[in-house]
Amino acid sequence: MSTEPDDLALLGLLQWVSPALPIGAFAFSQGLESAFELGWVTDEVSLGDWLEGVLEDGLTRCELPALARLHAAWSEGDGEALAEWDAWLAANRETAELAAEDARLGASLTRLLGSLALLPPDRSGDLPALPEGAGYVTVFAWAARVRGIPVRQALLGFAWAWLENQLAVACKALPLGHTAAQRLVEQLRPALVAAVDEALTLDDDALGPALHGLALASALHETQYSRLFRS
């Protein structure tokens, strides 16, 4: 596989990270709605700080390096590694809400891939089966492989989808204007690249999120009186 994706692979990546992908990602705020309610995030500047923190201490040390390992496991047909990293991700979901998001998005993407005849077959030589109840990152890694998306581009696409979803949450619930959201895109695009660069260099013993505030916000969101997003 070349280091640069070909046209079909690029279009495949755009498909998997599109807000129009019918897996229900729009329904979750990852604790951000609660951060608004608590007054931790109140405007464009504080939102940028929040997102940079989540990216640096969360995605960079959790989802992105795990996605790289899952991508490699699919490429190598390593079913044991797939199950191990899928379980590791599940163990790092600190609230029922975060665990439910990962499981539900994984199940939705699995159903979508099945309807497109893109799931790995139960028996296909060196290809392992999709782990039972696989989470979103594990299924996304397979979706990237089946489209021929190189690992670096897969991580960039995943990070971009996360950022776009968080900004959509802010536009609905903060509120944040769309021009302000685009300013944050400009601010955070280099941070996405840096996050992927770092994630690809981390050893296994350096992994693990450190997002105490996000975990608390997510837990409080489960009992928040008025909310737009799902718990």
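**Exercises: salt bridges and burial**

R183 is partly exposed, with a relative accessible area of 44%, where partly exposed lies between buried (under 20%) and exposed (over 50%), using a 1.4 Å probe and protein chains only. This is a predicted model, in which local features need pLDDT of at least 70, side-chain atom pairs count only at pLDDT 80 or more, and totals for chains, interfaces and linings use all residues. Residues are numbered from 1 along each chain as its sequence is written, and side-chain values use heavy atoms, leaving out hydrogens and water.

**Exercise 1.** Find which side chain meets R183 in a salt bridge.

*Solution.* Step one is the rule: a side-chain nitrogen of Lys or Arg lies within 4 Å of a carboxyl oxygen of Asp or Glu. Next, look at E44: its side chain meets R183 at 2.8 Å, N to O. Helices here are DSSP runs (H or I, at least four residues), numbered from the N terminus.

**Exercise 2.** Work out whether T60 is buried or exposed, and what its side chain reaches.

*Solution.* Start with its place, the loop between α3 and α4 (63-76). Now check the area: T60 is buried, because its relative accessible area is 2%. Last, follow the side chain of T60 to the backbone oxygen of L55, at 2.6 Å.

**Exercise 3.** Determine how many salt bridges there are by this rule, and which residues form a network.

*Solution.* First, the count comes to 7. Then trace the network, which links E63, R93 and D102.

Terms used: Helix = DSSP H or I, 4+ residues; strand = E, 2+ residues; numbered from the N terminus. Polar contact = N/O pair within 3.5 Å; in protein donor to acceptor, adjacent residues only side chain to side chain.
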